[in-house]
Amino acid sequence: RRLIRCKDYMARRAADAGILAMECYFPQRYVPQTALEEADGCAGKYTVGLGQTALAFFDDREDIASVLLTACARLLERYGVPASAIGRLEVGTETLLDKSKSVKTTLMAQLFGAEHSDVEGVSSTNACYGGTAALLNSVAWVESSAWDGRYALVVCGDIAVYAPGPARPTGGGGAVAMLVGPDAPLVMAGPRATHAFEVYDFYKPRGDTEYATVDGKLSQDAYLASVDTCWSRLKAKLGAPAAAEQLGLNGSPADLRAFDYVCMHSPYNKLVQKGFARLLYGDFADDATAPRFAGDAQRWAGVPPAKTVGDREAEKCFVGLAKPDFEAKCAPSDTASRQVGNCYTAALYMNLLSLVSAKASSLIGARLLLFSYGSGAGATAFTLLGR
């Protein structure tokens, strides 16, 4: 798709704002999860239990600034976008080089030079949610009266490392850069739903280590409960006639069947499978008598989603029930994340990029459901329309 000249829009408000182009960067080195299983004496725990194939890692020649810089440079160079065409640069990362200074200024110095300093935006930090915050802010800027006709550039990425122990195989790293503007092939459309709450599932209170303090069980439960809450709230908003019209639902039910593809934040692939199953459970909670829920699922008829988070029998039932939909709607987005590992702020958008690479032109006219989660915690469900 030819990139439009944003200045053509300066006399009017932007229409169909969203993602115009994407590029990624991930490590050149990796460890197969089978090798980690052999070292830890736990065959199948990471490949089957976590659903991961490999763990990518950066060496000591790179830091988060160079990782983000490479993703940005690739996008600008490959799409022929000059520095003068960027009016906003927003970063999402939790990998900090400095606890005060934004890494955005380092990117500015290397990409734009002193003559192009009129660029809005800084860093957004809230665990893995920062990339989504940066994207939402940038789309809002393009749609606002303050927009000056230039593109927004969003870059998100992290280096995910853990202390020795059960969380270490869920590490990884990578970055995704996105060009945001009007007349986009992936339009941010319709309502969105957010769940923000206080929980200490993953946090970094110490300055003498790069490792997070992690409660794995609490973090998994917080993720799944956030899927439940965001999905319920989004469906309620999609029930409004204006929202249904904007997404072209045309009387179709506002449930999982309304979406062609789903991308979810991916600490590890097995959690994505469980999260996808929670979407189906939300539909079940709204209409347990539907024929598609006949059989074993009826054991949980009338049981609200919050009562089944952590219920292994319910989880097994609905993961199995959701499997055909998962393979069709969600699995096409997991190629990179299963190989690279957790990219924190970039994880959701690495999955979106995998989906675009896998499905390409079949995304035209498609409705995409995205779910973003960051520990601590903040989560948002939102939609993209393919054009």
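Okay, one definition before we start: a residue counts as buried when its relative accessible area is under 20%, as exposed when that value is over 50%, and as partly exposed in between. Keep that in mind, and remember too that what you see up there is a predicted model.

Is A127 buried or exposed? Its relative accessibility is 13%, and that is under the 20% cut-off, so A127 counts as buried. You'll find A127 in the loop that runs between β5, residues 123-124, and α4, residues 130-143. There's something else to notice here: the phi of A127 is near 50°, which is positive, and this residue isn't a glycine. Why point that out? Because most residues other than glycine have a negative phi.

D16 has a positive phi as well, near 55°, and again we're not talking about a glycine. Look for D16 in the segment before β1, which covers 18-25. With 36% relative accessibility, D16 counts as partly exposed.

For 387 residues, you'd expect a compact globule to have a radius of gyration near 21 Å, and the chain has 21 Å, so the two agree. If you follow the C-alpha trace along its principal axes, it spans about 65 × 55 × 35 Å. Of the 387 residues, 55% count as buried.

Now for contacts. Take those in the chain with a separation of 6 or more: 75% of them come from residues 24 or more positions apart. As for the surface, the chain exposes about 16,700 Å², with carbon and sulfur atoms supplying 51% of that. On the charge side, we have 39 positive and 41 negative side chains, and the centres of the two sets lie 3 Å apart.

Next stop, helix α7, residues 269-286. At 1.5 Å a residue, its 18 residues should span 26 Å; the end C-alpha atoms are 27 Å apart, which agrees. How many of the 18 residues of α7 are buried? It's 14, so the helix is largely enclosed by the rest of the structure.

Setting aside neighbours within four places in sequence, D283 is in contact with W231, K235, D255, L256, R292 and F293. Take W231 from that list: W231 and D283 are 52 residues apart in sequence, yet their C-alpha atoms are 9.2 Å apart in space.

Over in helix α5, residues 216-238, we have S226. This serine is buried too, with a relative accessible area of 0%. Which residues does S226 touch, not counting those up to four places away in sequence? They are H195, F197, F371, Y373 and A379.

Two last spots. Between G376 and A377 there's a cis peptide bond, with omega about 10°. A377 sits in the loop between β12, 367-374, and β13, 378-386. That bond is worth a look because most peptide bonds are trans.

Finally, G165 is in the loop between β6, 151-160, and β7, 172-181, and at 36% relative accessibility it counts as partly exposed.

Technical notes
Residues are numbered from 1 along each chain as its sequence is written. This is a predicted model: local features need pLDDT of at least 70, side-chain atom pairs count only at pLDDT 80 or more; totals for chains, interfaces and linings use all residues. Side-chain values use heavy atoms; hydrogens and water are left out. The radius of gyration is taken over C-alpha atoms; the globule rule is 2.2 Å times the number of residues to the power 0.38. Buried means under 20% relative accessible area, exposed over 50%, partly exposed in between (1.4 Å probe, protein chains only). Contact means heavy atoms within 4.5 Å. Accessible areas come from the Shrake-Rupley method with a 1.4 Å probe; for residues, only the protein chains shown count as cover. Lys and Arg count as positive and Asp and Glu as negative; His and the chain ends are not counted. The place of a charge is taken as NZ of Lys, CZ of Arg, CG of Asp or CD of Glu. Helices (H or I, at least four residues) and strands (E, at least two) are DSSP runs, numbered from the N terminus. The expected span of a helix is 1.5 Å times one less than its number of residues.
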